[in-house]
Amino acid sequence: MLDMKIKQLFFDTAKVKRAVDSARRRVLSKAGAFIRRRAKSSIRKRKATSAPGQPPSSHTGILKRFIYFGYEPSTDSVVIGPVRLQKLGDAPSALEHGGKTVVRRRKGRKFVKKKTKIKSRPFMEPALVAERKNLPELWRNSVR
């Protein structure tokens with residue numbers, strides 16, 4: 001009987017671990033959603049090209065539509081960014097960091113592939129930096 005009362009005074013370790021794991025998944029997923037939303041809203045759909053150093057313009061809207069986030073349980077982290085698509089190829093990485101990529105252009109009735117150098121137009125890192133100040137608030141009272 002005495003053992004029962006003493007045990008009630010301490011935490012149930014398994015229950016606490018489950019609560020912390022659940023809170024971690026919930027908070028990281030919310031953070032991923034907020035950063036994704038910020039990145040998508042920074043990309044403007046317009047015909048003009050953006051200036052280097054500014055978020056890119058999305059002429060067709062495909063870059064904006066294919067930015068996703070996902071919780072990765074094995075590393076206990078969130079992965080956020082554009083999905084690699086056949087149409088986009090290496091373009092999202094080249095836009096974020098600058099670099100070379102292949103661009104298809106129409107020349108009469110044919111499409112011609114041309115290698116081109118792209119100056120950086122970051123959109124994911126500025127989204128993370130802008131949302132970083134809000135992340136501690138997500139953790140407040142997250143373990144229930």
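This is a predicted model: local features need pLDDT of at least 70, side-chain atom pairs count only at pLDDT 80 or more; totals for chains, interfaces and linings use all residues.

Colleague: OK, how many helices and strands in the protein chain?

Modeller: Six helices and four strands, counting DSSP runs numbered from the N terminus (helices H or I, at least four residues; strands E, at least two). The order from the N terminus is α-α-α-β-β-α-β-β-α-α.

Colleague: And how much of the protein chain is buried?

Modeller: Buried residues are 24% of the 144. Buried means under 20% relative accessible area, exposed over 50%, and partly exposed in between, with a 1.4 Å probe and protein chains only.

Colleague: What's the span of α2?

Modeller: α2 covers residues 13–42, and its 30 residues reach 43 Å from first C-alpha to last, close to the 44 Å expected. The expected span is 1.5 Å times one less than the number of residues.

Colleague: What do the buried residues of α2 pack against?

Modeller: They pack against β1 (67–72), β2 (77–82), α5 (124–132) and α6 (135–139), where contact means heavy atoms within 4.5 Å. Among those buried in α2 are Val27, Leu28 and Ile35.

Colleague: At what angle do α2 and α5 pack?

Modeller: About 125 degrees, with the axes 8 Å apart. On the α2 side, Phe34, Ile35, Arg38 and Ala39 make the contact; on α5 it's Met124, Ala127, Leu128, Ala130 and Glu131. The axes are lines fitted to C-alpha atoms, for helices over the stretch in contact, with angles from 0 to 180 degrees between N-to-C directions.

Colleague: Switching topic: is leucine 95 buried or exposed?

Modeller: Buried, at a relative accessible area of 16%. Leucine 95 sits in helix α4 (residues 91–97). Leaving out residues up to four places away in sequence, leucine 95 touches Pro56, Leu63, Ile118, Lys119, Ser120, Arg121, Pro122 and Phe123.

Colleague: How far apart are leucine 95 and arginine 121?

Modeller: 26 residues in sequence, but 5.0 Å in space, C-alpha to C-alpha.

Colleague: Last one: how many aromatic pairs does a search of the whole structure find?

Modeller: One. The rings of phenylalanine 66 and tyrosine 68 have centres 6.3 Å apart and planes at 75 degrees, so they are edge-to-face. Rings of Phe, Tyr and Trp (its six-membered ring) pair with centres within 6.5 Å; planes under 30 degrees apart are stacked, over 60 edge-to-face, the rest tilted.

How values were computed: Residues are numbered from 1 along each chain as its sequence is written. Side-chain values use heavy atoms; hydrogens and water are left out.
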